[in-house]
Amino acid sequence: ISIDADGNDDGILFRQAAIIGIVTAAMGHVYGHILDGTVKGVWNYLPKYLQKRGILDNSVGHWYIPMTCSIGGLIMGILSIKLKPSFVVADFVRALSGSDADMSIFPTKLMPALSNLLLLSLVTSTFGFSVGPEAPMVCAGGLVGKALSNRWNHDSITKTQIGCDRDVIMTYAGAAGALTAFMGIPLAGSIFALELTRASAGMTSAATDALVPAVVASVAALAFIRGFADPHSSVGGHFRYLPSIPNPSGRVTIVTSLVCGIGGAFIATIFHKSVHLLKDILWSELVPDNDNVKDGSIQASFQIHREVLVKTAIGIAVGALSMKYPTTMFWGEGSLQTAIDGQRTPFADTKHGLPSFLTAHANVDPNAPFETSWAAIQVGVAKLISIALACAGKFPGGIIFPLFFAAAPIANAMCRIVSQHLEIPVNSVAIMALMASTQASVTRTPLASVLMLTLSASSGTELSKMLPCVILSSYIGVFCSRYISKESYFTYSK
């Protein structure tokens with residue numbers, strides 16, 4: 001494939017984006033199947049095998065969780081030292097968020113970085129840490145898009161009419177294709193990738209050129225998955241929300257939007273400040289003693305050992321927390337239904353459910369509805385802590401569904417408290433609104449958050465009543481979070 005000298009052949013640009021969409025979709029599809037197998041192997045097949053051998057039972061089975069998480073942390077520490085170069089979502093944002101993209105931040109060896117990223121993400125998600133494959137899919141798709149763009153366009157003029165580099169366009173197309181394929185949600189991947197690299201509530205300036213190719217890649221990815229790779233799976237969302245307030249008034253909608261928007265902004269601010277504080281503590285630079293260190297060898301050795309020690313310690317901490325609150329494990333997409341409906345759906349019945357003998361000593365029964373508001377708050381806060389620990393420990397992973405999961409029980413608890421005084425049922429509008437606001441306030445992706453939640457909802461969800469409030473809450477959350485704190489979860493280039 002070649003590009004015309006004038007650089008204006010949109011047909012070629014779109015064909016390239018479609019090819020990238022299909023390639024990244026195939027990658028995401030294969031990765032998803034491997035991840036499903038490893039998660040089931042570690043958390044279902046292996047403990048059941050050990051139970052049959054008499055090694056695990058109800059009295060000691062709960063120790064399997066902290067032991068496995070600790071082993072996962074140790075493995076991640078060792079792999080993080082060995083697998084270089086690395087490329088994570090923070091690098092993706094930093095490279096593409098400036099007025100002019102700095103593609104030099106991308107590793108020069110793209111394919112080794114891709115394989116390292118996928119392996120590290122696979123291990124992180126397999127061992128139950130509360131960050132998901134979404135962000136690695138964005139990065140992996142971006143690496144594939146840039147690699148193919150380098151191959152196709154290296155001998156030609158690569159600027160579009162307004163001056164946006166074709167490498168940038170194809171990077172966004174790759175990110176959109178990979179995320180769309182993994183999540184199975186149309187268009188949301190395109191919007192997310194383009195919102196992610198802007199510090200405010202909007203899309204990056206590159207969206208003028210990159211939006212349509214990103215959408216083309218997203219459509220091509222979804223067509224490949226639904227038409228070829230997985231043609232028999234049902235289409236549409238599956239998360240069920242409880243009936244909302246019948247015919248909510250405009251005042252109720254505005255008040256709910258404001259409360260959930262501001263609430264999500266405060267949760268997001270507390271979260272990202274906690275992550276930065278933990279990072280400062282865990283990864284502070286070593287100041288060597290000049291009398292003992294001349295060549296920096298001790299400092300280098302310290303950095304290597306610290307990588308293993310920190311990640312192992314995070315594994316121990318996450319394991320101990322997960323033993324008491326097992327629903328906080330994993331990235332949340334497979335068990336989100338139990339958070340949305342207040343655990344009316346037992347955790348054991350979800351995709352990421354655990355055998356009962358592993359959860360017998362949980363502080364909050366994961367297979368029974370929340371009995372009190374305090375039980376729901378415990379689960380939500382524990383999930384936020386688990387996410388913060390994984391992020392501070394530099395485990396590669398995304399926080400889209402983890403934050404959705406954390407916000408849902410907190411919203412459920414707040415609705416229970418309000419209902420005791422106002423005699424109204426638990427409001428699914430508020431639950432979805434706080435989920436959207438919290439996630440959008442951290443990643444600055446308000447429109448993508450709304451699309452992900454609404455397009456993943458079941459056909460019985462009353463979206464016509466919920467959507468106005470969810471949209472308002474999502475944007476209010478981003479605006480308020482920027483007002484509350486000048487700092488953000490990501491570091492954006494100017």
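**Pockets, rings and a helix**

The largest pocket has 35 residues in its lining, and those nearest its centre are F182, M183, H238, E333 and K351. Bear in mind that this is a predicted model. The volume of the largest pocket comes to about 1100 Å³. Helices α1 (10–52), α6 (166–183) and α8 each put at least two residues into that lining, and α1 gives the most, with five. By class, the lining of the largest pocket has twelve nonpolar, 15 polar and eight charged residues.

Now the second largest pocket, with a volume of about 770 Å³. The lining of the second largest pocket divides into 18 nonpolar, seven polar and seven charged residues.

K394 comes up again with the rings. Its charged end sits over the ring of W283, 4.5 Å from the ring centre. K311 likewise lies over the face of F395, at 5.6 Å from the centre of that ring.

As for rings with rings, a search of the whole structure finds twelve aromatic pairs. One is F224 with F228: the ring centres are 5.4 Å apart and the planes are at 40°, so this pair is tilted. Both residues are in helix α8 (residues 207–229), four residues apart, which is about one helical turn. Are they buried or exposed? F224 is buried, at 18% relative accessible area, while F228 is exposed, at 61%.

A second pair is F271 with Y489, where the centres are 5.9 Å apart and the planes at 25°, so the rings are stacked. F271 is in helix α9 (residues 250–282) and Y489 is in the segment after α16 (463–484), so this contact ties together parts 218 residues apart in sequence. Both F271 and Y489 are buried. Ring pairs also join F271 and Y489 with F490 and Y492 in a cluster.

Last, helix α4 (residues 110–126). At 1.5 Å a residue, its 17 residues should span 24 Å, and the end C-alpha atoms are 24 Å apart, which agrees. Of those 17 residues, 13 are buried, so α4 is largely enclosed by the rest of the structure. Just after α4, G128 has a positive phi of about 90°.

Methods. Residues numbered from 1 in each chain as written. Predicted model: local features only at pLDDT ≥ 70, side-chain atom pairs only at ≥ 80, totals over all residues. Heavy atoms only, no water. Phe/Tyr/Trp six-rings, centres within 6.5 Å; stacked < 30°, edge-to-face > 60°. Buried < 20%, exposed > 50% of the residue type's maximum accessible area, 1.4 Å probe, protein only. Lys NZ or Arg CZ within 6 Å of the ring centre and 35° of its normal. Expected span 1.5 Å × (residues − 1). 1 Å grid on protein atoms, 1.4 Å probe; cavity = no way out; pocket = protein on both sides within 12 Å on 5 of 7 lines; lining within 4 Å. Points joined across faces, edges and corners; volume = space filled by probe spheres on them. Nonpolar A, V, L, I, M, F, W, Y, C, P; charged D, E, K, R; others polar.
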